[in-house]
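Me: Please take one part of this model, the pairing of its charged side chains, and go through it closely. I would like the pairs placed in their surroundings rather than just listed.

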Amino acid sequence: MNKENIKSELISEVEKLLNLSENKIGRSSGLGKLKAMAEHMGKADAFSHKIVDLLNEILEKNNVEFKDEKEKDNLIEFLNPTIKELIQKFILNQ
């Protein structure tokens, strides 16, 4: 499985998670909105860990093995902008 396929599958799986999340921020106002935003931001760390878990599941499911640490680091470097974008989507709740 090449890097592009891994990236596509990861985006697909994370988009499913994003579609499941509720938008409590948009329905709130005043102090309720601030509280909803704080709760949402607190969940961003857990969401980033879920992305890593999904990536590991994809790699395992497709029997992806790395020849060395450099190959693994190259994949991480390649996926990093995509992962940041997905986390940003979660934070912005879009």
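Reply: Charged pairs and their surroundings

Lys-16 and Glu-13 both belong to helix H1 and are 3 residues apart, about one turn of the helix. Helices here are DSSP runs of H or I with at least four residues, strands are runs of E with at least two, and both are numbered from the N terminus. The side chains of Lys-16 and Glu-13 meet in a salt bridge, 3.2 Å from N to O. The term salt bridge stands for a side-chain nitrogen of Lys or Arg within 4 Å of a carboxyl oxygen of Asp or Glu. Lys-16 is partly exposed, because its relative accessibility is 46%; Glu-13, at 25%, also counts as partly exposed. The classes are buried for under 20% relative accessible area, exposed for over 50% and partly exposed in between, with a 1.4 Å probe and protein chains only.

This is a predicted model, in which local features need pLDDT of at least 70 and side-chain atom pairs count only at pLDDT 80 or more, while totals for chains, interfaces and linings use all residues. Residues are numbered from 1 along each chain as its sequence is written, and side-chain values use heavy atoms, with hydrogens and water left out.

The protein chain has 3 helices and 0 strands, in the order α-α-α from the N terminus. Of its 94 residues, 27% are buried.

Side chains of opposite charge can pair when their charged atoms come close. Lys-72 is partly exposed, with a relative accessibility of 32%.

A further salt bridge joins Lys-61 to Glu-9, with 2.4 Å between the closest N and O atoms. This pair links distant parts of the chain, as Lys-61 is in helix H2 and Glu-9 in helix H1, 52 residues apart. The two side chains also form a polar contact of 2.4 Å, that is, a pair of N or O atoms within 3.5 Å, where within protein one must be able to donate a hydrogen and the other to accept it, and residues adjacent in sequence count only if both atoms are side-chain atoms. Lys-61 is exposed because its relative accessible area is 55%, whereas Glu-9 is buried at 17%.

Beyond four places in sequence, Glu-9 is in contact (heavy atoms within 4.5 Å) with Met-1, Ile-58, Lys-61 and Asn-62. Asn-62 sits in the loop between helix H2 (30-61) and helix H3 (69-92), and it is partly exposed, because its relative accessibility is 28%. Leaving out residues up to four places away, Asn-62 touches Met-1 and Glu-9. From Asn-62 to Met-1 the C-alpha distance is 7.0 Å, although 61 residues separate them in sequence. For the chain as a whole, 82% of contacts between residues at least 6 apart in sequence join residues at least 24 apart.
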